[in-house]
Amino acid sequence: MFTYRYRELPVALEKKGEIRGALARELRLHPEKIFNLEVERFALDSRRKGAPHWSYNVIFDVERPLRASGNAARGLIEAKRERESLESDPLAGSVLMAPHVDIIGAGPAGLWAALHLLRRGFSVDLYEQGKPVEERFRDIRRFFADRIFNEHSNVLFGEGGAGAFSDGKLNTRSRNIYSETVLRDMVDFGVDESVVTFAKPHIGTDRLVLMLRKIRAEIARLGGKIHFDTALEDVEIKDGRICAIKINELNSATRWQPCEALVLATGHSARGIYELLAARGVTLESKAFAMGVRVEHPQTLINLRQLGKGVDTRLTGAAEYFLATPTLNKTSSAYSFCMCPGGVLVPCASEPGTLATNGMSYSRRNGHTANGAIVVPVEASETTFGGLDFQRKTERDAFEVGGKGYAAPAQTIKAFLAHRADKSLPKSTYPCGLAACNMWDWLDKKICNSLAEGFQNFDRKIPGFIEQGLIVAPETRTSSPVRITRNNDTLESVNTQGLFVLGEGAGYSGGIVTSAADGVRLAVRAKKSK
């Protein structure tokens, strides 16, 4: 047998998944002469407006060498089937850990660390300050209705972490054995198999809930214990090593307990954890992040500009955009982040008296509105908490401008460029109401100037971006402004033994998959100490 890859195999929209026939036609082979055909990756190719198609990268075997010509020759290359395994990590089993592990945070990093540590024979207690995802949903709906903020159970905190309410996108730039393992785990927990091969996979918040319940059940089956409504309140460090943790059972008691291996997977918004660690002497550092605003547009506009006229979006799905441009004489930039086709906006405060926004989509992505963050880079601060203080100030200002009731400051892009507030605002998916304002009066001026340039550039790429765009502000939680400095081989704090830091809260990952992959990586490298 001879093995080949074929890259960018075109398949008509209505023929999605029918790749054997398409490959046979390209190679001028009978379909039965193609063996062991596998899809490695596929995506929607919409470069030709009005005529998008599916594009597949595949690997397959044939009995005789192939000699392709024309377009087929450009896509065909000789290949080998190479299967990586978790054990191929040269650092597998190299990190000594106590046989019992305490994990803080039930987001992607914490859940996958718990799952894979349990599979490797460790015992695990997983602590989450929020609630199980079903109860969390009810708390969020209640907040949208009565505006009474629950600082432990909200859009950012609770089972599933912030990722459960940020569109459920699973795309990652770094596909490796760890991220592949995460995606295949998700398939085992009921997610569609396409998440492994689709270039931009998406679950949707509604389906994430079902998956999270299955993961919870599997952790329990393996002997792990999950403690909801339970927060980390303090840590004790002696001679540079974790030795005890103080756990606050929010509905009952607080207790100290011994701890030799502590995994922090608390997400990028658990600001109190950063302050606690700094007070206990754990090494942290400021890092760059990004801030800006959310923008909403009619989904029909984005579909038209990105796909072209006459395209059936029931076949393609709602269109997305990815935008970026240098600004301020190339000293800054503006770019899109976490774009949610057919999505809705949500408030995502983590502290009373503050306001930030985010976007999410349900699995069908069939809403009438598209939203995306348009953000500007913010350099690392000279002080550890300078970036965090900047986030907090912006969020407090937004809360004040919105009337202290979680209404969001809003302005059409057209009015923003004219430096004036709107007399009326278009309808928005944001559930807590809008407050018309002039962003220039309260939002950082450098960010405003960079956004203004960005919007003008984006309107050239997507005509109507300015005319039909609505700003809802602010978007501050793109990533953490603080990093818990770690050894990237062991994932352990550089100055505190037994403290392992993972995911977005550690400052070393971004998104659901890379955070979960951090948890898998730790488990693979862990070895039980005697």
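## Briefing: aromatic contacts and a helix crossing

Glutamate 18 sits in the loop between strand 1 (2-11) and helix 1 (19-27); helices (H or I, at least four residues) and strands (E, at least two) are DSSP runs, numbered from the N terminus. This is a predicted model, in which local features need pLDDT of at least 70 and side-chain atom pairs pLDDT 80 or more, while totals for chains, interfaces and linings use all residues. Residues are numbered from 1 along each chain as its sequence is written, and side-chain values use heavy atoms, without hydrogens and water.

**Glutamate 18**
- Glutamate 18 is partly exposed, because its relative accessibility is 45% (buried is under 20% relative accessible area, exposed over 50%, partly exposed in between; 1.4 Å probe, protein chains only).
- From glutamate 18 to leucine 170 the C-alpha to C-alpha distance is 24 Å, across 152 residues of sequence.

**Helix 3 and helix 7**
- The axes of helix 3 (residues 108-119) and helix 7 (residues 205-221) come within 10 Å and cross at roughly 35° (axes are lines fitted to C-alpha atoms, for helices over the stretch in contact; angles run from 0 to 180 degrees between N-to-C directions).
- Helix 3 contributes Leu111, Trp112, Ala114, Leu115, Leu118 and Arg119 to the contact, and helix 7 contributes Met211, Leu212, Ile215, Glu218 and Ile219 (contact means heavy atoms within 4.5 Å).

**Aromatic pairs**
- The structure holds 15 aromatic pairs (rings of Phe, Tyr and Trp, its six-membered ring, with centres within 6.5 Å; planes under 30 degrees apart are stacked, over 60 edge-to-face, the rest tilted).
- Tryptophan 54 and phenylalanine 198 pair edge-to-face, because their ring centres are 6.4 Å apart and their planes stand at 70°.
- Tryptophan 54 is in strand 3 (residues 53-62) and phenylalanine 198 in the loop between helix 6 (194-197) and helix 7, so this pair ties together parts 144 residues apart in sequence.
- Tryptophan 54 is buried at 2% relative accessibility, whereas phenylalanine 198 is partly exposed at 23%.
- Phenylalanine 143 and tyrosine 406 are also edge-to-face, at 4.9 Å centre to centre and 80° between the planes.
- Phenylalanine 143 belongs to helix 4 (residues 133-146) and tyrosine 406 to the loop between helix 11 (386-401) and strand 20 (408-412), so the pair ties together parts 263 residues apart in sequence.
- Phenylalanine 143 is buried at 9%, and tyrosine 406 is buried at 6%.
- One aromatic cluster is formed by Tyr321, Phe416, Trp440, Phe455, Phe458 and Phe465.

**Charges over rings**
- The charged end of lysine 16 sits over the ring of tryptophan 54, 4.6 Å from its centre (NZ of Lys or CZ of Arg within 6 Å of the ring centre and within 35 degrees of the ring normal).
- Arginine 483 lies over the face of tyrosine 508, 5.0 Å from the ring centre.
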